[in-house]
Amino acid sequence: MSLLSVFNDLLYGLGVAATPYHLAVAVIGLLLGTAIGVLPGLGGTNGVALLLPLTFNLTPTAAIILLASVYWGAIFGGAITSILFNIPGEPWSVATTFDGHPLAKQGRAGMALTAAFTSSFIGALVSIVLFTFFAPPLAEWALRFGPPENFAVLMLAFATFTGLGGGRPAKTILMTLLGLLLSTVGFDIVTGQPRMHFGLVSLQSGISFIVIAIGLFGLGEIFLTVEEGLRLEGVGGRISFRDLWETWARFPRYLATLVRATLLGFWIGVLPGTGATPASFVSYGLAKQLSKEPEKFGKGSVEGVVAPETAAHAAGIGALLPMVTLGIPGSPTAAVMLAGFFIWGLNPGPLLFTTQREFVWGLIGSMYLANVIGVLIVLTLVPAFAAINRIPFAVLAPLIVILSSIGTYAVNNQTLDLWIMLGAGVAGYLFKKLDYPLAPLVVALVLGDMTEQALRQSLIMGQGSFAIFATRPIALAFLAGSAVLLLLPLYRALRNGRRPRPLRPAEAKVEA
């Protein structure tokens with residue numbers, strides 16, 4: 001695909017996104033997303049899951065613009081509570097609290113907020129440009145994929161959680177298997193026979209991903225927050241023109257950090273199953289290690305705000321690239337959006353660029369416009385969004401539960417889904433208490449059907465032999481990468497086991 005054709009498609013997409021209807025949808029999504037990002041514990045993934053049922057009556061283009069705008073707004077909003085209240089509105093905003101809140105306590109909240117929003121804008125804008133020019137060639141390359149290649153890519157997505165997710169690999173694998181198990185409920189893909197429905201007709205169509213996501217994330221967070229007795233005590237915040245000019249005048253010195261965080265965040269976002277959270281932490285760590293003033297980190301460094309916020313927004317854009325081109329979500333939020341594709345009657349993958357031109361390029365065009373509109377909204381409405389956290393939690397919690405119940409029931413109009421949502425909420429609470437990651441379960445539940453279908457089609461092609469994967473170079477390369485990622489935790493454990501144990505003080509004295 002030539003650069004000229006990409007520019008033409010981009011202009012077409014900007015025209016689609018700039019219609020009054022789609023602009024209104026984007027603004028509504030940004031406002032809702034920012035409010036969701038400000039609310040501690042709710043998060044972009046939960047917000048997208050809660051609002052997904054509301055998109056059923058929208059056109060696919062308007063629906064994806066709404067959900068994507070909610071996501072962008074949530075990333076912006078997460079910085080507000082991190083800086084003013086020292087409470088991460090989003091998981092990826094945890095790193096922002098390290099230096100953002102100290103800046104606010106020093107009376108420089110306006111500078112911290114300006115740095116966060118500006119760096120988010122720059123990281124997203126550069127990543128959208130990368131998305132624009134990398135998505136079409138990646139889609140063309142993906143047209144070479146058959147069932148074996150699709151299965152190998154899906155295995156790479158699952159292996160990424162284990163190899164790069166951190167924490168305990170056994171827990172990650174267990175949660176992935178649980179998600180795959182839940183995805184098998186319903187009709188068998190090949191034989192058409194119902195399975196694991198336990199005699200309930202309502203389960204023969206399977207367990208809705210939306211129901212599980214709303215319970216797992218929404219109710220699970222409510223239960224956890226109630227137990228912790230969350231209290232919000234924050235610093236007042238507003239952004240003046242003086243804050244804007246002083247902060248922007250300092251940005252040239254952070255050019256290397258901006259470039260590094262953008263490229264790192266976009267790359268991590270593209271990796272299946274990672275997303276903005278690891279990108280923000282990795283970027284913060286690198287910024288501290290490479291900074292000329294590392295001693296200021298954790299005490300109120302503007303660079304400590306720029307690095308994680310730039311990477312988080314870049315990763316948010318990057319996570320959509322494999323979802324649109326390959327049908328593989330790069331983050332839990334992208335996994336929720338992927339579920340929306342199937343609900344709207346779309347098949348994610350390279351053919352979207354030819355069969356659904358308005359949808360794909362309308363989404364890309366909306367990224368540019370929503371990024372500009374979003375930064376203007378948060379720069380001007382910080383006090384209003386910060387006031388959300390003044391609402392008593394006793395009022396917010398029931399409201400979120402009511403919205404969750406309405407969204408759940410709207411999926412299939414059946415009472416069983418409400419019980420499943422409640423069970424998923426209790427499970428989500430327990431998983432978080434026991435430190436089990438939810439992201440592998442979410443992605444496995446969404447991709448389970450696709451993985452099973454690709455595997456069984458591959459075995460049919462190979463007449464029941466797994467040797468079919470060895471005869472396909474692309475599939476073999478992806479499976480080899482999956483094996484490396486799966487063995488990576490074992491390698492780390494063995495390497496750490498060989499390291500000499502540090503001497504205790506008593507032992508050191510004896511040797512001396």
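Trainee: Is Glu 452 buried or exposed?
Mentor: Buried, with a relative accessible area of 16%. Keep in mind that this is a predicted model.

Trainee: What does the side chain of Glu 452 meet in a salt bridge?
Mentor: Arg 195, at 2.7 Å from N to O. Arg 195 lies in strand β2 and Glu 452 in helix α21, so the pair ties together parts that are 257 residues apart in sequence. Salt bridges with shared partners also bring in Arg 456, making one network of Arg 195, Glu 452 and Arg 456.

Trainee: And Arg 195, buried or exposed?
Mentor: Arg 195 counts as buried because its relative accessibility is 18%, and the cut-off for buried is under 20%.

Trainee: How many salt bridges turn up in the whole structure?
Mentor: A search finds 4. One of them joins Arg 357 and Asp 9, with the closest N and O atoms 2.9 Å apart. That pair links helix α17 to helix α1, 348 residues apart. Asp 9 is buried at 12% relative accessibility, while Arg 357 is partly exposed at 34%.

Trainee: What about Glu 149, which residue is its partner?
Mentor: Arg 472, again with closest N and O atoms 2.9 Å apart. Glu 149 sits in helix α7, and Arg 472 is in the loop between α21 and α22. Glu 149 is buried at 4%; Arg 472 is partly exposed at 23%.

Trainee: Switching topic: how many residues of α15 are buried?
Mentor: 10 of its 12, so the helix is mostly covered. Among them are Val 336, Met 337, Leu 338 and Phe 341.

Trainee: What comes just after α15?
Mentor: Gly 345, which takes a positive phi of about 85°.

Note on methods:
Residues are numbered from 1 along each chain as its sequence is written. This is a predicted model: local features need pLDDT of at least 70, side-chain atom pairs count only at pLDDT 80 or more; totals for chains, interfaces and linings use all residues. Side-chain values use heavy atoms; hydrogens and water are left out. Buried means under 20% relative accessible area, exposed over 50%, partly exposed in between (1.4 Å probe, protein chains only). Helices (H or I, at least four residues) and strands (E, at least two) are DSSP runs, numbered from the N terminus.
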